[in-house]
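Work through the exercises below with the model open. Each task is followed by its solution.

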Amino acid sequence: MTSNTPLRTSSLGFPRMGGKRELKFALESFWKGKTTEAELLAMGKKLRQDHWLLQKEAGISVIPSNDFSFYDQVLDTLVMIGGTPERFGAPPNSLVQYFAMARNSEEQTAMEMTKWFDTNYHYLVPEWTSGLTFRANTSKLLSEVREARALGIETRPVLIGPVTLLLLGKAAPGVDITLLLPKLTEVYRQIIAELHAEGVTDIQMDEPMLVTDLGPSENQAFRSVYNQLNELPVKLMLTSFFGGLGDNLSLAVDLCTAGLHIDAVRAPEEVSAVIDSLGTDQTLSLGVVSGRNIWLTNFASTQPLIRLAVEALGPGRVIVSTSCSLLHTPHDLQTEKKLDPRIKSWLRFSGEKLFELVALASSDEEATKANAAAVADREVAESSRNTAVRKRLAALAAGDFTRVRPYGQRAELQNARLKLPLLPTTTIGSFPQTTDIRQQRAAFKHGHIGRQQYEDFLRKATEHCIREQERIGLDVLVHGEFERNDMVEYFAEYLDGFAFTENGWVQSYGSRCVKPPVIYGDVSRPKPITVEWSSYAQSLTKRPMKGMLTGPITILQWSFVRDDIPRKDTAWQIAIALRDEVGDLEVAGLPIIQVDEPALREGLPLRRSEWALYLEWAVEAFKLTTSGVTDAMQIHTHMCYCEFEDILPSIAALDADVISMESARSRMELLQAFRAHSYPNGIGPGVFDIHTPRVPSSEQMRELLGLALEVLRPEQIWVNPDCGLKTRDWTETTAALEHMCSAAAEARSAF
Ligand code: GLN
Ligand code: ZN
């Protein structure tokens, strides 16, 4: 860029946990009753101030407020509009009442939680019931504006837009959400008017629903709402993110807001079309620094986009921004002391992303040079490249993706080998991760006990688990997964191409954070991962033992994935590594291997038109993992959700010999879909919910089995819980499994 005047910059939101997860610890100690509400409020205030000052000092021109939350921004929005679920009574006026909606208590179940678009952040789902009457409550909103002002910072408050909010909620039976729209618009008008009265001139209106498939009524909702909101004397920045606008582009422009924000990281190809369609005085906010990933921005490919916008619109109408809120990236890199310095030089967390924004907006020559050097270094790094893996990837043939015989013939071979009864019983893999297991692992990690001692302990735990399963009478056993901290990190630690951060935490929900591993290079498996534990377990029992692996898509989904090769290639590299593991487990004599893919569904793109492509390579990744074995090997998979209808053909295409899944809570409803599709392979619909300590009776489980038997062939059905048992304690676990086995025995006796 030739102009010397820097462009304006904005961040759409900053992570709120704090660099040391201060908010997490403050929340948890408040919930335990160890600290007071005043102390928690003070921590919130301190974090907001720190984050505003950080952004100001970095030189960001448009700084957000109301992006902070003590639990969830959707819940905060409901409080703001007086739209909290009716079943909790009047909207909260204390933090205790606020948390009561977010967290289960003895008196009441919390609001439901679900994933925020395609991120790993979970929001609380609005409950749209007929008796809701909205009423503006701007206290949080205004106090944040004032707090920032006291620091000399004029903020741009963030609101979740009314249409997105409405569409994120779940309507009670008989409630037509479009009827809520006029009331909702009215309350937003009032909120905006109050912000205006407070001296606020600009508002960020988050409407990420604009990047999803919208029908005519949703289209209409956008038009009617913004028609009314635009009458107000404030400038609305309509923000779309997590994808391109696609066929909603003209809708977004037609809404005639003062500005439009687009996600130019996910949809750079859309930038010029947006520029061409903008109205003559609309501002363009270009989201060029990713809020979803941790890699440095490639300045050389980003600068032309900014230049294009500036040339067409003039510098005054362009803002250089993050693609979305930085909520989904860790706080900052400064505390990373153990990370390989070379890998670290390719990373940018939230704090560092601010500097990228400013550098891009001011065409900082030095920063551009340094960026080019880092990008080039990443490109040539030998440590990220594994020629052997690339060769194998290139040499894959159709035969690598399919078992030899079709399911029916495989089943015969497997039955002959396994000799299982009808309605065989099993579990999903993990057994209680008790405090002593966690303590031993921590002691080992910190060097307080040696490997020998730790592994002796794990061997005892495994043996105990196997004896319990035998005593209970389960047919197919598992080793219990006591050696695993987490189903992704455990595998990642054994694979090349992964790096780990000390503080790369990202909020998942409430006080809960996850620290995804970083895939920086080609993935490969230097040595077997699970073979020792699985063979040890098999050596302890005559019953069939199930080897237990996390699938390629789940490992991909729950990691930070590199952005310099296609996602599919990384998935397939992981699949090749796991395929070798599957092969080694077969050689070691395991007769069954389960490959868990709980994250297969959440990887679905936001746009339906993109589903087929994703599902194709995701299914192939699974098949690549599991097809290198003889047909006598029984492959299981597990998924912990029950929404299968729309992806059932892909589930069938996995061609797993047995699939287990969650279904107790929905009372086997999902099986209808399997029947409609005449799904032929084995199915283990969970007969008890593992999320609650309640132990269901054997009659209850027998009843669920009865429902399954009505829809499926008896030879297809497996009997198992909904998911792994790691969060339960032993007493609940053994009681529930005993009930499960007697329910199976009773059902069997009918044949
Ligand atoms: N095998 C894992 C377990 O039992 C599966 C966990 C999951 O599906 N999320 O814990
Ligand atoms: Zn599960």
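**Exercise 1.** In what order do the 8 strands of the open sheet stand, and is the pairing parallel or antiparallel?

Solution. This is a predicted model, in which local features need pLDDT of at least 70, side-chain atom pairs count only at pLDDT 80 or more, and totals for chains, interfaces and linings use all residues. Residues are numbered from 1 along each chain as its sequence is written, and chains are lettered from A and ligands numbered from 1 in the order in which they are written.

Step 1: strands are DSSP runs of E of at least two residues, and helices are runs of H or I of at least four, numbered from the N terminus. Two strands pair if DSSP finds at least two bridges between them.
Step 2: the order is 1-12-11-10-9-8-6-2, with parallel pairing.
Step 3: strand 1 (8-10) and strand 2 (64-65) each have a single partner strand, so one side of each lacks a neighbour in the sheet.

**Exercise 2.** How many residues of helix 3 are buried?

Solution. Step 1: a residue is buried if 20 or more other C-beta atoms, placed from the backbone, lie within 10 Å of its own.
Step 1: in helix 3 (residues 73-81), 9 of 9 residues are buried, including D76 and M80.
Step 2: just after helix 3, G82 has a positive phi of about 70°.

Notes. A residue is buried if 20 or more other C-beta atoms lie within 10 Å of its own, exposed if 12 or fewer, and partly exposed in between; C-beta atoms are placed from the backbone.
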